[in-house]
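My notes follow in the order in which I looked things up.

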Amino acid sequence: MRQSVAQAIRGALLERDPRAKTMAARRIARDWRLGRLDFAFDLEMPDVPGRPDAPELLPPNRMPKRGKGGSQRGRIALWHSIAHIEFVAIDLALDMAGRFGAEMSEAFVGDFLSVAADEAMHFALIDRHLRSLGSHYGALPAHHGLWEAAYDTRHDVAARLAVVPMVLEARALDVTPATLERVRAAGDERGAAILKRILDDEIRHVRFGANHFAAVAERLNAERDSLWKLLVSRHFRGAIRPPFNDSARLAAGLSRDLYHGVA
Ligand SMILES: [Fe+2]
Ligand SMILES: [Fe+2]
């Protein structure tokens, strides 16, 4: 019997084991591409996805200090924090497709399933890198806040698109180049190559978000930029501040006048 895309996505979201979740995300993206899943939404997405027992999730203010960037401990802490971001990003992309696919389109589902597959690949690359440093995902505590943005916007696709791809993933475009330079300067060429690949992929993810947000704004007869600013002020608690990676943001479809002067 054919599965609905919602069934497949829900199964991957509930998966607790990182390796199983990674494989499920990549399999669903492939099955969707090959036309093996029905465009049907007969199940609800879970409010909280499956998580492994480790890492322990802590509020940001209880996270241990990362220590000096040059030490082995500091390097492991850096890669561990990126691994966690990528792990949660798998669920963010799956949830986007499974929760909002019905009201959006088949193209929307395809775009965000391909994002989920990218995030799964990013996670796998980083976990392998962590293992080469003698650690692994789950060895350290991780930041608890990332899923909150998704939970807070679970009823509104416009708010979800405004905050997750267009603020949080866009933030990754701003900060990744400096991390990449630091990693390269420390002689970690393999790590630098992983970050370069992630940066390239994230441009595409932000672009998907910006394109679908523009479509939703049009459907609502709203002006795109003012709708985005309204939703961000309502649903995003942090500040949107420089430094901005203007060229990567522009490649992703975010123009300077959208995000400059928003705080
Ligand atoms: Fe990623
Ligand atoms: Fe991403």
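**Aspartate 53.** The scale I used: a residue is buried if 20 or more other C-beta atoms lie within 10 Å of its own, exposed if 12 or fewer, and partly exposed in between, with C-beta atoms placed from the backbone. Aspartate 53 sits in the loop between strand 2 and strand 3 (57-58). I also checked its distance to arginine 16: 37 residues apart in sequence, 8.3 Å apart in space, C-alpha to C-alpha.

**Ground rules.** This is a predicted model, and I kept to its limits: local features need pLDDT of at least 70, side-chain atom pairs count only at pLDDT 80 or more, and totals for chains, interfaces and linings use all residues. Residues are numbered from 1 along each chain as its sequence is written, while chains are lettered from A and ligands numbered from 1 in the order in which they are written.

**Overall layout.** I counted elements next. The protein has 10 helices and 4 strands. Here helices (H or I, at least four residues) and strands (E, at least two) are DSSP runs, numbered from the N terminus. The order along the sequence is β-α-α-β-β-α-α-β-α-α-α-α-α-α. The C-alpha trace spans about 50 × 50 × 30 Å along its principal axes. I compared the radius of gyration with the globule rule: the protein has 18 Å, and a compact globule of 263 residues would be near 18 Å, so the two agree. That radius is taken over C-alpha atoms, and the rule is 2.2 Å times the number of residues to the power 0.38. Of the 263 residues, 44% count as buried.

I then looked at contacts, which need C-beta atoms, placed from the backbone, within 7 Å. Of the contacts with a separation of 6 or more, 78% join residues 24 or more positions apart.

**Two domains.** The domain assignment gives domain 1 (1-39 + 64-143) and domain 2 (144-263). Such bounds come from an automatic or database assignment. The domain centres, taken over C-alpha atoms, are 17 Å apart. Domain 1 puts 21 residues into the contact and domain 2 puts in 19. On the domain 1 side, helix 3 (72-100) and helix 4 (106-132) are the elements that give two or more residues. Helix 4 has the largest share of that side, 9 residues. I sorted that side by class and got 11 nonpolar, 5 polar and 5 charged residues. Ala, Val, Leu, Ile, Met, Phe, Trp, Tyr, Cys and Pro count as nonpolar, Asp, Glu, Lys and Arg as charged, and the others, Gly among them, as polar.

**The core.** Which residues touch the most other members of the largest nonpolar core? I found Ala25, Ala93, Phe112, Ala116, Ala162 and Met166, out of 80 residues in this core. A nonpolar core is a set of buried Ala, Val, Leu, Ile, Met, Phe, Trp, Tyr and Cys residues joined through C-beta atoms within 7 Å. Helix 3 gives the largest share of this core, 17 residues. Both domain 1 and domain 2 give residues to this core, so it lies between them.

I followed methionine 166 further. Beyond its neighbours within four places in sequence, methionine 166 contacts Leu161, Val206, Gly209, Ala210, Phe213, Trp228 and Leu254.

Helix 3 is mostly covered, with 25 of its 29 residues buried. It reaches 42 Å from first C-alpha to last, close to the expected 42 Å. The expected span is 1.5 Å times one less than the number of residues. Helix 1 (residues 5-14) is also mostly covered: 7 of its 10 residues are buried. Arg10 is one of those buried residues. They pack against elements including helix 2 (18-33), helix 3 and helix 4.

**Glutamate 169.** Buried or exposed? Glutamate 169 is buried, because 26 other C-beta atoms lie within 10 Å. I placed glutamate 169 in helix 6. Leaving out residues up to four places away in sequence, glutamate 169 touches Val164, Glu202, His205, Val206 and Gly209. Its C-alpha is 7.5 Å from that of histidine 205, 36 residues away along the chain.

**Serine 105.** My last stop was the loop between helix 3 and helix 4, which holds serine 105. Serine 105 counts as partly exposed, because it has 14 C-beta neighbours inside 10 Å.

Terms used
Two residues are in contact if their C-beta atoms, placed from the backbone, lie within 7 Å.
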